Amino acid sequence: GPIIGVLALQGDVREHVHALIGCGADARPVRRPEELDAVDGLVIPGGESTTISKLVDIFEMREPIDKRIAAGMPVYGSCAGMIMLARQVLDGRPDQRGFEAIEMTVRRNAFGRQVDSFEAPVTLAGVEGEPFHAVFIRAPWVERVGDEVEVLGTVTEGPAAGRIVAVRQGNLLATSFHPELTGDLRLHAYFVDLVRAAA
Ligand code: GLN
């Protein structure tokens, strides 16, 4: 299968590696520029975007990742990873900086103003079968998308109904929630297919 890296600076790296392996990918943690060179796609895991942002600079991964994104490498960001891919972040720390790659505005810890974590069914465009059982943990939501961004999923019930929680822009994919925690491999399979198609 395709070689897919999981950015291993902070966050739930192992869970993504296991989910990707379950989908037939050759998955591995990536924390150095040489390791990034060897992968066909990259997952940016959930964790804490302010910390990941700092570590990206300390590990000198910012420019290499920026360059690969510009060259069309598929990237999937979950939760903190979604924040790292957003053009604009609301309620971010002043010093946090992402890759500004998906033309969207996300609000950090958006659901958390009501409740820290919750679960909700989310129907995803392009993913067959029953709605996704989406797990949100101090998650962002998307408040604005550019014309080139495809909305893949929104929350359909409860106080957050209508909020955008899954998007795609070309080879870039992002979700507010954590499919790596539920054993449902459909979203990782979708990403592995995307990486295969791009390679
Ligand atoms: N609140 C975290 C952040 O701002 C994201 C939480 C998560 O990734 N589960 O980065």
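Guide: The expected span of a helix is 1.5 Å times one less than its number of residues, and helices (H or I, at least four residues) and strands (E, at least two) are DSSP runs numbered from the N terminus. The model is predicted, so local features need pLDDT of at least 70 and side-chain atom pairs count only at pLDDT 80 or more, whereas totals for chains, interfaces and linings use all residues. Numbering starts from 1 along each chain as its sequence is written.

Leu187, His188, Phe191, Val192, Leu194 and Val195 are its buried residues; a residue is buried if 20 or more other C-beta atoms, placed from the backbone, lie within 10 Å of its own, exposed if 12 or fewer, and partly exposed in between. Viewed down the axis of α6, these residues fall within an arc of 155° and therefore line one face of the helix, the arc being that of the directions from the helix axis to the C-beta atoms. That buried side packs against β1 (3-7), α1 (13-22), β3 (41-44), β4 and β12 (172-175), where contact requires C-beta atoms placed from the backbone within 7 Å.

UniProt, in an unreviewed entry, assigns the feature "active site" to Cys79, His178 and Glu180; its positions are given in the numbering used here, its feature names are shortened, and its annotations may be inferred rather than shown by experiment. These positions are spread over 102 residues of sequence yet cluster in space, with a largest C-alpha distance of 11.2 Å.

His178 lies in the loop between β12 and α6 and is buried, because 22 other C-beta atoms lie within 10 Å. Apart from neighbours within four places in sequence, His178 is in contact with Gly46, Ser78, Cys79, Val135 and Ile137. Glu180 belongs to the loop between β12 and α6 as well and counts as buried, with 27 C-beta neighbours inside 10 Å. Under the exclusion of neighbours within four places, Glu180 contacts Asp12, Glu15, His16, Ala19 and Ser78.

The ligand can now be placed in this setting. Around it stand Gly46, Gly47, Glu48, Ser49, Cys79, Ala80, Ile83, Arg108, Asn109, Ile137 and Arg138, a residue being included if its C-beta atom, placed from the backbone, lies within 6 Å of the molecule. This shell divides into four nonpolar, four polar and three charged residues; Ala, Val, Leu, Ile, Met, Phe, Trp, Tyr, Cys and Pro count as nonpolar, Asp, Glu, Lys and Arg as charged, and the others, Gly among them, as polar.

For "binding site", the unreviewed UniProt entry lists Gly47, Glu48, Ser49, Arg108, Ile137 and Arg138. They span 92 residues in sequence, but no two of their C-alpha atoms are more than 12.8 Å apart, so they gather at one spot.

Ile137 is found in strand β8 (residues 132-137) and is partly exposed, with 18 other C-beta atoms within 10 Å. Arg138 is found in the loop between β8 and β9 (141-145) and is partly exposed, with 16 C-beta neighbours inside 10 Å. Leaving aside neighbours within four places in sequence, Arg138 contacts Asn109, Gly112, Asp116 and Ser117.

The buried residues of α3 (residues 49-58) are Ser49, Ile52, Ser53 and Val56, and they lie on the same side of the helix, since they cover an arc of only 105° around its axis. What covers them includes α4 and α5 (80-85). After α3 comes Glu60, whose phi is positive, near 55°.

Helix α4 (residues 62-70) continues the picture. Its buried residues, Ile65, Arg68 and Ile69, fall within an arc of 100° seen down the axis, so they line one face. They pack against α2 (33-37) and β4 (75-78), while the face turned away from the buried side carries the exposed residues Glu63, Lys67 and Ala70. Just after α4, Gly72 takes a positive phi of about 100°.

Definitions and conventions: Two residues are in contact if their C-beta atoms, placed from the backbone, lie within 7 Å.
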